[in-house]
Amino acid sequence: FFFLMIRRPPRSTQSRSSAASDVYKRQEYMGTINIEDLPNFKLPGGPNDNIEERFRRQYDAAFQKDPVGCRLRIAADFLQELAKAINTSAIDTLLRLYDTQFNKLSELYFKNTQWPLPHEVEEGIEIEELELNTQFLYLELSMRHVYARFSTIPTDVRVDSWLNYLTIFDIVIKENIPLPPAWIWDILDEFLYQFQAFCIFRSKLKEDDPAFKELAEEKELWNLKQVKEILASLVSTSKILKKDNKTLEDIPLNNLQTIHYFGYFAMVCQLRLSAMIGEFREGLIAVEPI
């Protein structure tokens with residue numbers, strides 16, 4: 001069960017190509033390999049090799065003059081692209097925004113700072129009012145960025161991230177917004193990681209710590225019972241199980257929707273959570289249909 005507790009490298013710190021590059025660097029006898037040409041690392045939706053050059057031409061001059069204002073513009077542009085991709089169900093574009101563009105922008109312009117909140121962007125840049133779904137998915141990325149980049153996580157980020165995940169599991173899933181499977185898995189993966197990180201953080205708090213009193217009033221925050229209920233609800237809502245709850249429904253691959261992916265991945269996360277807390281039997285029961 002140990003491997004189930006290992007978290008994959010956060011997408012906000014390294015892309016799939018950079019994560020694999022060290023492996024291929026050690027394989028010099030194979031000759032020169034372009035990682036982007038490999039099937040598992042080639043993303044649809046446009047070329048990835050000139051994205052840094054494009055961003056530098058677009059933002060570097062403004063960033064040198066006004067970093068704060070430029071970051072607002074970068075966030076506004078990203079949010080507008082994200083909103084358009086969500087509204088048009090453009091899965092390839094969503095994958096590019098999520099898996100490539102956000103990472104590169106973070107590396108270039110947000111390496112040591114947080115992405116601005118949606119309301120800060122709307123107040124600082126004249127853009128159309130953002131739909132809630134766009135805001136919640138953007139917040140999922142921006143808060144994950146904080147967890148990946150900063151050694152100390154602000155308490156308000158821990159609270160806001162929990163509330164944001166509750167909203168995602170409620171609204172986004174009910175509306176069945178098309179999302180790339182990679183992002184869906186990472187949402188659940190990060191959800192479990194932040195739960196574990198919060199448990200460790202809370203266990204080390206002392207009574208004289210300012211966060212101690214603040215969290216004493218937030219008893220529902222990142223609690224095990226609700227995390228279990230959320231994962232179980234995702235499986236149930238997805239309707240991927242037959243009435244006996246022991247057999248998977250036969251859903252054709254071309255008919256898989258966002259809610260189905262959440263259900264399948266939630267089953268795996270139930271096993272991972274059970275391994276974390278030592279409830280191994282419950283974990284095996286959770287994945288029995290698989």
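## Overall fold

Read along the sequence, the protein follows the pattern α-α-α-α-α-α-α-α-α-α-α-α. That pattern comprises 12 helices and 0 strands; helices (H or I, at least four residues) and strands (E, at least two) are DSSP runs, numbered from the N terminus. This is a predicted model, in which local features need pLDDT of at least 70 and side-chain atom pairs count only at pLDDT 80 or more, while totals for chains, interfaces and linings use all residues. Residues are numbered from 1 along each chain as its sequence is written, and side-chain values use heavy atoms, with hydrogens and water left out.

Buried residues make up 45% of the 290 residues in the protein. Here buried means under 20% relative accessible area, exposed means over 50%, and partly exposed is in between (1.4 Å probe, protein chains only). Of the contacts (heavy atoms within 4.5 Å) with a separation of 6 or more, 71% join residues 24 or more positions apart.

## Confidence

How confident is the predictor in this protein? The mean pLDDT is 83, and 83% of the residues reach 70 or more; pLDDT is the predictor's confidence in each residue, from 0 to 100.

Two stretches deserve a look before you use their coordinates. Over residues 1-6, pLDDT stays under 50, and the model has 10 contacts beyond four places in sequence for them. Over residues 38-47, pLDDT also stays under 50, and there the model has 19 such contacts.

## Nonpolar cores

A nonpolar core is a set of buried Ala, Val, Leu, Ile, Met, Phe, Trp, Tyr and Cys residues joined through side-chain atoms within 4.5 Å. The largest one here has 71 residues, and those with the most contacts inside it are Phe78, Tyr109, Trp115, Phe169, Trp183 and Leu188. Helix H3 (residues 67-87) gives the most to this core, with 10 residues. Apart from this core lies another, of 7 residues, among them Met143, Val146, Ile153 and Ala197.

What does Phe169 touch, not counting residues up to four places away in sequence? Its partners are Ile187, Leu188, Phe191, Ile230, Leu234 and Phe262.

## The second largest pocket

For anyone interested in cavities and pockets, here is how they are found. On a 1 Å grid over the protein atoms alone, a cavity is a set of points where a 1.4 Å probe fits but cannot get out, and a pocket is an open set with protein on both sides within 12 Å along at least five of seven lines; lining residues have an atom within 4 Å of a point. The second largest pocket has a volume of about 310 Å³, a volume being the space filled by probe spheres set on the points, with grid points joined across faces, edges and corners. Of the 16 residues that line this pocket, Val235, Leu241, Asn245, Lys246 and Pro289 are the closest to its centre.

Which helices each supply at least two residues of the lining of the second largest pocket? They are H10 (224-238), H11 (258-277) and H12 (280-286), and the largest share, 3 residues, comes from H10. By type, the lining divides into 8 nonpolar, 3 polar and 5 charged residues.

## Residues in helices

Ser274 sits in helix H11. Because its relative accessibility is 9%, Ser274 counts as buried. Leaving out residues up to four places away in sequence, Ser274 touches Glu279, Phe280, Glu282 and Gly283.

Gly69 belongs to helix H3 and, at 24% relative accessibility, counts as partly exposed. Gly69 and Ile125 are 56 residues apart in sequence, and their C-alpha atoms are 8.7 Å apart in space.

## Residues in loops

Ser89 lies in the loop between H3 and helix H4 (91-109). Although Ser89 is not a glycine, it has a positive phi of about 55°; its relative accessibility of 39% makes Ser89 partly exposed. Asn176, in the loop between helix H7 (155-174) and helix H8 (181-203), has a positive phi of about 55° and is not a glycine either. At 22% relative accessibility, Asn176 counts as partly exposed.

Is Asn223 buried or exposed? Its relative accessibility is 14%, so Asn223 counts as buried. Asn223 is found in the loop between helix H9 (210-216) and H10, and touches Trp162 and Phe195, not counting residues up to four places away in sequence. The C-alpha atoms of Asn223 and Phe195 are separated by 7.9 Å, with the two residues 28 apart along the chain.

Notes: Nonpolar A, V, L, I, M, F, W, Y, C, P; charged D, E, K, R; others polar.
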